[in-house]
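Here is a quick tour for someone meeting this structure for the first time. Have a look at the model, then read on.

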Amino acid sequence: MDIKLETDDSRNHEEETLPLLRNNEVPEAERNLIQKAISQTFQSTAHLANLLPTGTVLAFQLLSPIFTNTGNCDFVSKSMTSALVALCGASCFLLSFTDSFRDNKGNICYGFATLRGLWIIDGSTTLPPQLAAKYSLRFIDFMHAVMSVLVFAAIALFDQNVVNCFFPAPSNETQEILTALPVGIGVLGSMFFVAFPTQRHGIGFPLSTN
């Protein structure tokens, strides 16, 4: 009796040809045009996870109650809170220009996007010209950076400690602006990133599987 052994090459080839997360026990879902449009919308909203670097947001949420003295700010607390918001906003802007790639051993390398490609900051490898052009700086990167700062500003305005620090006794008009402005920025930013999703996977952003 012949015994057929499955080699590593055949197994790897099979893994490459089969789609990820396929469940052979469940039949393929049938969708009409409306359902396809809804599905595409849900897939597009996954790009919203790339709006902000998670480390910056976590640092802000951790330090905000401390720097603002839970909303009871004096001159020192207000200065520290202003510096925190400015540094986190600058971090969101700069980190929007970072990207990552995997080398031939699967190691992840990070770098800053430049006009000539990617300036690698944690390694000494050199990307081929065709691959480097893929990571070159583009105008849309500046738009993503500006929108990331605006989205972070909306998050800061949603923080009640920050609002109480800078606006301890807001008027009715100011309160309406503070309530509506973050929502408007969030909707505008969400629409922008859904329409023009970022292709970069930089420092603090979700990594690519490729």
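## Starting from one leucine

Leucine 63 counts as partly exposed, because its relative accessibility is 27%, and partly exposed is the class between buried, under 20%, and exposed, over 50%. Keep in mind that this is a predicted model. Where does leucine 63 sit? You'll find leucine 63 in helix H3, which covers residues 54-67. Follow the chain for 21 residues and you get to leucine 84, whose C-alpha atom is 8.1 Å from that of leucine 63.

## The annotated spans

The UniProt record, an unreviewed entry, puts the label "transmembrane region" on residues 48-67, 79-97, 139-157 and 177-196. Here is how two of those spans look in the model:

Two packed helices are described by the angle between their axes and the distance between the axes. Helix H4 (residues 75-95) and helix H6 (residues 139-158) have axes that come within 8 Å and cross at roughly 150 degrees. The crossing of H4 and H6 is right-handed. Which residues make the contact? On the H4 side they are Val85, Cys88, Gly89, Cys92 and Phe93, and H6 brings Ala145, Val146, Ser148, Val149 and Phe152. Sorted by class, that contact of H4 with H6 has eight nonpolar residues, two polar ones and no charged ones.

Now for the strands. Strands of a sheet pair through backbone hydrogen bonds, either parallel or antiparallel. In this model three strands make an open sheet, ordered S1-S2-S3, with antiparallel pairing. Strand S1 (98-102) and strand S3 (117-120) are the edge strands, each pairing on one side only. On average, neighbouring strands of the sheet are turned by 50 degrees against each other, direction ignored.

How many bridges join S1 to strand S2? There are five, and S2 takes in residues 108-114. Phenylalanine 101 stands opposite cysteine 109 of S2, while threonine 98 has phenylalanine 112 in S2 as its bridge partner. Is S1 mostly covered or uncovered? S1 is mostly covered, with four of its five residues buried.

Between S1 and S2 the hairpin has five residues, and glycine 106 in this hairpin takes a positive phi near 85 degrees.

Technical notes: Residues numbered from 1 in each chain as written. Predicted model: local features only at pLDDT ≥ 70, side-chain atom pairs only at ≥ 80, totals over all residues. Heavy atoms only, no water. UniProt positions renumbered as here; feature names shortened; annotations may be inferred. Helix = DSSP H or I, 4+ residues; strand = E, 2+ residues; numbered from the N terminus. Buried < 20%, exposed > 50% of the residue type's maximum accessible area, 1.4 Å probe, protein only. Axes fitted to C-alpha atoms, helices over the stretch in contact; angles between N-to-C directions. Left-handed = near helix turned anticlockwise from the far one by under 90°. Contact = heavy atoms within 4.5 Å. Nonpolar A, V, L, I, M, F, W, Y, C, P; charged D, E, K, R; others polar. Pairing = 2+ DSSP bridges.
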